[in-house]
Amino acid sequence: MKTVLKWVGLAVVCLMVIVIAALLIIPRFIDARHYREPLEKMVSEASGRPFSVGGDVSLSLFPWAGVSFSDLRLGNPAGFAEPDFVTVKAFDVRVKLLPLLSREVHVDRLVVSEPRAFLVKNKDGRVSYEFGSKAAADSKPPAPPPAGLPIQSLAVGEVSIVGGSIALIDHNAGTRHDLSDVNLGLKDVSLERPVQFSLSAAVNRKPVSVHGNFGPVGSNLGKGQVPLELTVEAAGQLKLLVKGTLENLLAGPRADLAIDVAEFSPRKLMAEFGQSPPATADPKTLERLAVKAAVKAGADTVSIRDGSLELDQSKLNFNLTAKEFSKPNLAFSLNLDQIDLDRYLPPPAEVNGPGAPSGAPVAAAGPKTDYGPLRKLVMDGSVKIGRLVVSKAKLQDVNLKLTARDGVLSIDPFDLKLYQGAAAGKTSVKFKGTQPVTEVALTADNVQANPLLKDLAGKDFIEGSATVRINLSMTGEDPARIKQTLNGTGRLDFADGAIVGVDLANMVRNVKTAFAGQAPSGPKPRTDFSELTVPFTIQNGVVSTPEAVLRSPLLRLQAAGNADLVRETLDFRVEPKLVGTIKGQGDEKNRAGVSVPILVSGSFSKPAFRPDLEGLAKGQLKGILPVPGAGGTPLQEKAGGLLKNILPGKK
């Protein structure tokens, strides 16, 4: 019996020696290059692209089964200027054979040297990174997700990518961006313990790195949670921390992550990468940005909660949920303490140069806007802003409720405080036709008009507390089209104010002082009033008022006419009625005189005032002509008095 066991043991040893010898000797007698052509054919047929192995091919079987290639090239389809999609200088992998029988993968090393990828978009819209036929892919039923990993264990000594690069080329836009010096390293990879990884690259020769740890994954990858922690750093400016868990990685992956972007300067970061920061009215913007948020994401939903963003002097707290990405369906709440939007807008540009014609410029026809995404959008959000500056107007306590459904975007309601008063209203924009249709309803109470107009338009022409009621509708997206289609009604009421820059009481009193070119002296002329009421209608950009009324201690005034917003022209007639004196209110001056109607014409930028002498004469003649059977001043004396007051220089 012992002899039998001895010979069996000797036979096993001899067999092992023979197997090992065979594994060592066979690769010396097998020319792996003979398999190059079948390999090239197989990869080409599978990818639909040319594939070649230009360098050496080597094979080893003991103690590790290994294969190495050099000069690998996977080409682009016909029609691309770049011949290659991916090139690899060298590829080397070594795996233990016997553990594979037990579904255990032991990899000594997996090294890819100098891989280069060219991601190209042609002028015709085709991209180099799309494989196969999309129609064929869509016709196939989706494969069921794997239940778990097809292996029992994994042990990898080294995985590395050395000296890689990626080129992003867009021939349609004429741009190219290169990611160079790409290096990826993973060491001591296992399913049972955390895997440390590091990735580094250079963007425009500026360093970018990602490092951290992932796992342990465990053998049942499809069910458990996988911890993740990573740090992203860029050009010594940006530092991003991500910490959380990933779940169900093989079937419907989900993530629950905390994101923290440390304070940095977007302006400096863009400069480091050779990018020009956006031109802003204030060059000191975009100097400070920090972000924190908790993110949950799945295949069909992303939610951000407890988000905070600090930009320069502004701080925003926000929550956001997005689902049904094909629409998309958005819900959000934003709470911003303060922001001056004018600082972030482009610098003002001259619209009309010297000698340019007055009036609004006509916008050139641009590409047709695609409103399809807005028609599908579903949105439900709220916005609160403590202090807001926009177009130089200063607003406080702004509250907006935004919704979008069935191609209608609504802000309903909105309310805010401004210039010692308050405003509220609603607006909607319908994107159902070829042009958006906008409707606005606005009310405002006790708003101080003068500081508002000074800030908003740089105009100083009216003072007083304003009450506003406006309902408007308009069609189009450019200013010229909007003005042409503007329609609506409204009413403006001003109390205890003044019209600045014109003394209507003096104008209507006599022509000689108001219209004969006499230079005014003293303080800036003005017309004080206790009430000013302007009801109006708007039809296709023409504002009409049938009877605007001004009441003051010295003057009662009615005005009617049109203001053409399209041509920016004025056409009004002002009918005055003077009060003789305001004795008892501190004024003993005699204000009597001929009340001269005023015609207002010209443009918005250069209004012109002139007396309506024809209308005046007609009105005065009614008082001159004698009434049959009545006595009174002789006709000749009345006519002389009239001419004395009307004609300049007449004594």
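Pro413 sits in strand S20, residues 408–418, where strands are DSSP runs of E with at least two residues, helices are runs of H or I with at least four, and both are numbered from the N terminus. The peptide bond that joins Asp412 to Pro413 is cis, with omega about 0°. This is a predicted model, so to speak of local features takes a pLDDT of at least 70 and side-chain atom pairs count only at pLDDT 80 or more, while totals for chains, interfaces and linings use all residues. Residues are numbered from 1 along each chain as its sequence is written, and side-chain values use heavy atoms, with hydrogens and water left out.

Most residues other than glycine have a negative phi, and most peptide bonds are trans. Here are some spots that go the other way.

| Site | Feature | Location |
|---|---|---|
| Lys327 to Pro328 | cis, omega near -10° | Pro328: loop between S16 (314–323) and S17 (329–340) |
| Glu568 | positive phi, about 60° | loop between S27 (555–564) and S28 (569–578) |

Leu286 also counts as buried, at 14% relative accessibility; buried means under 20% relative accessible area, exposed means over 50%, and partly exposed is in between (1.4 Å probe, protein chains only).

**The chain as a whole**

The chain has 11 helices and 30 strands. Of its 651 residues, 33% are buried. The accessible surface is about 38,700 Å², and carbon and sulfur atoms make up 59% of that (Shrake-Rupley method, 1.4 Å probe; for residues, only the protein chains shown count as cover). Taking contacts (heavy atoms within 4.5 Å) with a separation of 6 or more, 48% are between residues 24 or more positions apart.

**Cores**

In soluble globular proteins, nonpolar side chains tend to be buried together. A nonpolar core here is a set of buried Ala, Val, Leu, Ile, Met, Phe, Trp, Tyr and Cys residues joined through side-chain atoms within 4.5 Å. The largest one has 64 residues, and those with the most contacts inside it include Leu269, Leu416 and Phe529. There's a second, separate core of 9 residues, with Val210, Leu230, Val232 and Leu246 among them.

Leu230 belongs to strand S11, residues 225–234, and is buried at 17% relative accessibility. Beyond four places in sequence, Leu230 touches Phe197, Val210, His211, Gly212, Leu240, Leu241 and Val242.

**Around Asn76**

What does the side chain of Asn76 reach at 2.8 Å? The backbone oxygen of Glu82. A polar atom of the Asn76 side chain also lies 3.1 Å from the backbone oxygen of Asp84. Both are polar contacts, meaning a pair of N or O atoms within 3.5 Å; within protein, one must be able to donate a hydrogen and the other to accept it, and residues adjacent in sequence count only if both atoms are side-chain atoms. Asn76 itself is in the loop between strands S3 (65–75) and S4 (84–95) and is buried, with a relative accessible area of 7%. Outside four places in sequence, its contacts include Arg49 and Phe85. Arg49 lies over the face of Phe85, 5.0 Å from the ring centre; the rule asks for NZ of Lys or CZ of Arg within 6 Å of the ring centre and within 35 degrees of the ring normal.
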